Every structure is written in C-alpha cells, then in structure tokens.
Amino acid sequence: MLKHIPVLRDACIEALNIRPDGVYADATLGGAGHSICIAEKLTEGGRLVGIDRDDTALVRAGARLEPYRERVTLVHSDFGRLDACLEEAGVDKLDGILFDLGCSSFQLDEAERGFSYMQDAPLDMRMDRDQAMTAYDLVNTADEAELKRILYTYGEEKFAPAIAAAIVRARAVQPIETTGELSELIRSAIPAAAARKEKQHPAKRSFQAIRIAVNHELTSIEDGLSAAIQRLAPGGRIAVISFHSLEDRIVKQTFAEAARGCTCPREFPVCVCGKKPKIRVLGKPVVPDARECEENPRARSAKLRIAEKLGD
C-alpha cells in the first residue's frame, strides 16, 4: 500500500479548533490522513463529511475511516459543488472545513493515472474518472493559442509558445499518447541552456498546467471557498493548504474579500453599502518546518491559511 503523509497535519487540526460535538468537512479527502485526525476527536454528537471527486480515493479512505463510520459521511463529488455535497450529506452549517488543494500523493504515485512526468503512462490526469475529457483530449485537440494560454496561465511557463508549437507539430504526425512522449517533447522544446539551469524537471510546470486545465481546478477553488465561508457557523474555522502561487493567490484574495467591511468611498460621512466582514484572517500563513520538509519533500511548497467566521 502506498504511504500517505498528510501535509501540515498538526497545524491543520489545531487550526480547526475541533469541538467533539461539532460538524466538520474535509473537502479533499484523499488518503484520509487529515480526516482520521478529525474523526478521532469527535464524540457521538460529532459529524465529519469527507468529499472527493476520485472514486478510488473514497474507497481507500472509507476503509481507513471504518472505525469511525457512525460519524462519517462520504460524498463523491468535486468540492466546487460544496453546497450540493452538504445537502446530500444532510448538513447545513459547519464548525470547520479543510481544503488540501492540488493533486494527491496517491494520484501522483499511481503511474496509470497519467499525472506524473516521471513515469510513462497513458495521458489521463483526471481526478474524477467519470469525467469525459482527459489530458490526451486536451493535448491533441486544443489549438495552439489555447495550449499556449494554458501553459502560461496555469504553469507560468515562459517557454509556453515554443512548447505549444512543438505539441502541434508532433500531433500533426501522430497523436501524443503517453506522459513519456509529452515529457520528452516538452524537454526538447526548451532551450538546452535553460533546461540545464532548471532546479526542477523541465516538464513540471507544463504538466501542472495541463492537469489544472483538465480538472478545472482553479474554478473549483473559487466556488468551493465561497460556499465554505457561507456555510460556516459563527466561530467556525476554514483551513486551506495550497501548493503553488496560483492556488494561494485565489485563497488569499477570497479571504481578503470576505474579510472586508464597508466599501463606501472615504468621503462618505456614513456607510450606505451595508457590507460587513464575514470572516477574520487568523495570523500569517503557516509553512512546514525543516523536519517536515525533510520527511515529506512534497510539503516544501505548502502554505496554510486560516480564517474564522464572524457572527452575523
């Protein structure tokens, strides 16, 4: 069985300030590493809703959460549909919710899922395998301008034009079918001198960009966070782990907007907009210490932001 190491586990559990009889949600269930820590703190009146778009993750997590089955409800869905997920679980308000964004360790490590540039497999990258579009479809059908936009916007890839052009040339000869083919194609499109200076694999940014596009990840983050803030009970906590600047920017901006009060011009003598802050941001982002980064290299870029719901 693949090893799952939950990132910033202790910091997340502390951030959620779990009440034994509270109602909580893990919007990104994954390997259930965080969820187990939540569930074991709940008593008979407590409840945990675990959400994941990956059916394999739900089966695996369900087995790990079996000792707590009486207080755990699993939902197969994208957290971008959080309202529908909570309605399916029969939950109205939450006392806390956790988002651990991005791709799970299991998805990266299982070569056949097609997420990794390090292992050759069919191009897939779907978090939800019931979804129709795969990375193969995107890579082989998107026009050059769209490919360039995806690589630049979601991967912040400065060689996006060259990589997009190389993909279009290659697929005109025959379809690009595997992660190995795509990875080598990306490597060849980047100038050799620039590739030698890279501290990471030359295909990393492009694979991230394609994965984000295939799974509509950034849209889901915006929708999920907004719904979560609305669903929190006064005093409830939201904890969000992000792994790259695109995710973190959305979290930071969503929190900032929800924490804003009056938006009237300063020259107005009294407030006429009636807007009040919904949350307060708690402290600075939490990052892993050196020990955690050494034990779990995938934690190195993690950043945890925490906010608390204010009274209505």
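Modeller: A quick word on the names first: helices (H or I, at least four residues) and strands (E, at least two) are DSSP runs, numbered from the N terminus. Also keep in mind that this is a predicted model.

Let's start with the backbone, then. Most residues other than glycine have a negative phi. Asn 17 isn't a glycine, yet its phi is positive, at about 50°. You'll find Asn 17 in the loop between α1 (9–16) and β1 (23–26). With a relative accessible area of 49%, Asn 17 counts as partly exposed, because the exposed label is kept for values over 50%.

Now go along to the loop between α5 (105–109) and α6 (135–141), where Met 125 sits. Met 125 is another residue other than glycine with a positive phi, this time near 70°.

Two strands pair with β7. One is β5 (residues 232–242), which runs antiparallel to β7 and is joined to it by 6 bridges. If you want to find that pairing on screen, go to Val 240, whose bridge partner in β7 is Arg 305. The other is β6 (residues 279–281), also antiparallel to β7, with 3 bridges between them. Here you can look for Val 281, which has Ala 307 of β7 as its bridge partner.

Last stop, a pair of helices. Two packed helices are described by the angle between their axes and the distance between the axes. For α8 (residues 160–173) and α9 (residues 179–189), the angle is about 130° and the axes are 9 Å apart. That angle makes α8 oblique to α9, and the crossing of α8 past α9 is right-handed. On the α8 side, the contact is made by Ala 162, Ile 163, Ala 166, Ile 167 and Ala 170. From α9 come Leu 182, Leu 185, Ile 186 and Ala 189. Sort the residues of this contact between α8 and α9 by type and you get 9 nonpolar, no polar and no charged.

Technical notes
Residues numbered from 1 in each chain as written. Predicted model: local features only at pLDDT ≥ 70, side-chain atom pairs only at ≥ 80, totals over all residues. Heavy atoms only, no water. Buried < 20%, exposed > 50% of the residue type's maximum accessible area, 1.4 Å probe, protein only. Pairing = 2+ DSSP bridges. Axes fitted to C-alpha atoms, helices over the stretch in contact; angles between N-to-C directions. Parallel < 35°, antiparallel > 145°, perpendicular 65-115°, else oblique. Left-handed = near helix turned anticlockwise from the far one by under 90°. Contact = heavy atoms within 4.5 Å. Nonpolar A, V, L, I, M, F, W, Y, C, P; charged D, E, K, R; others polar.
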